[in-house]
Amino acid sequence: MVEELVATGVVLASAGTVYLMAAARVVKQYERGVVFRLGKLRSEVRGPGFTMVVPFVDRLQKVNMQVVTMPVPAQEGITRDNVTVRVDAVVYFKVTAPAEAIVRVEDYRFAVAQMAQTSLRSIIGKSELDDLLSSREKLNQGLELMIDSPAVEWGVTIDRVEIKDVSLPETMKRSMARQAEADRDRRARVINADAELQASKKLAEAAQQMADTPAALQLRLLQTVTAVAAEKNSTLVLPFPVELLRFLEKAQQVSGVPQQPVAAPQQTPAQIAQQPVREQSAREQPVQEQLPPPETLVDADPGGANSGQG
């Protein structure tokens, strides 16, 4: 009898242990538990920690309450100004009503992903290329509103939507690059023209000042010669103004200093070749003038002629 009672107690204890193991559930801190009893949703949502369900009667389904980061695949579309682009984005959302997320939609993750792709295509068709490149904050807000409207009914809240990248065709990239280069070239030309205008004004003032003082032009010429001669890699030919020679000549006449002979100008090779001929003719001419005529020579020595005859 005692053995039967002991065996019965062991069996009951084993059955109780099995029941407890089948009924015990643990819900994590970032999860919530939704209980279905015989297929009917229980209004009570199980919080984090240890909880019990009726084995083979209740079914506990856990829902993640963390913020989910879902990338949206790149969507290709045509903008309002007829430019083909590929745009990808990322969606941040979380579940706020666990029971609604389980009951209202079959798979809330897949539903949010499809809604994000559809909304992204719609945004591409409604926007222009410049808006996609420069006004992303405004497009992000519009995209978030489009996704959040149906997601609220599923117990899901959209935290944030961001457009990551906008891929353009190569032809469009080259066109935009040429446009940027043309704009920079235009600004560079405007700056150069402005610089030329300012420089011309300063040069005009300098020319007027030098016209009033002619010596300033000579000083400027000497400064230029000094700057060029510093290179020492070229031959410098400096024109010497005749006005300066005249000025020095007048200064010598006024001071009474006897003028020094000015060096003879350089002669060309043809003049040098003709110079010996001219000098020779000049030397021969006095000799011819000194010789008496032949008749005078004969008359000067008559005796010699007679003596010769005798």
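I began with strand S2 (residues 31-37), which pairs with S5 in the antiparallel sense over 7 bridges. Strands here are DSSP runs of E, at least two residues, helices are runs of H or I, at least four, and both are numbered from the N terminus; two strands pair if DSSP finds at least two bridges between them.

A note on the source: this is a predicted model, where local features need pLDDT of at least 70, side-chain atom pairs count only at pLDDT 80 or more, and totals for chains, interfaces and linings use all residues. Residues are numbered from 1 along each chain as its sequence is written, and side-chain values use heavy atoms, with hydrogens and water left out.

Next I looked up the sheet around S2: an open one of 3 strands, ordered S3-S2-S5, with antiparallel pairing. Its edge strands, S3 (40-46) and S5 (58-64), each pair on one side only. I also found Val35 opposite Leu60 in S5.

Then I turned to another open sheet, where 3 antiparallel strands run in the order S6-S7-S8. S7 and S8 pair over 10 bridges, and Arg86 has Ser167 in S8 as its bridge partner. Helix H3 (residues 108-126) packs on this sheet and touches S6, S7 and S8; contact means heavy atoms within 4.5 Å.

Last, I visited Val83, in the loop between S6 (68-78) and S7 (84-95). Is Val83 buried or exposed? I noted it as buried, because its relative accessible area is 9% (buried is under 20%, exposed over 50%, partly exposed in between, with a 1.4 Å probe and protein chains only). Not counting residues up to four places away in sequence, Val83 touches Gly77, Ile78, Leu129 and Met172.

Definitions and conventions. Axes fitted to C-alpha atoms, helices over the stretch in contact; angles between N-to-C directions.
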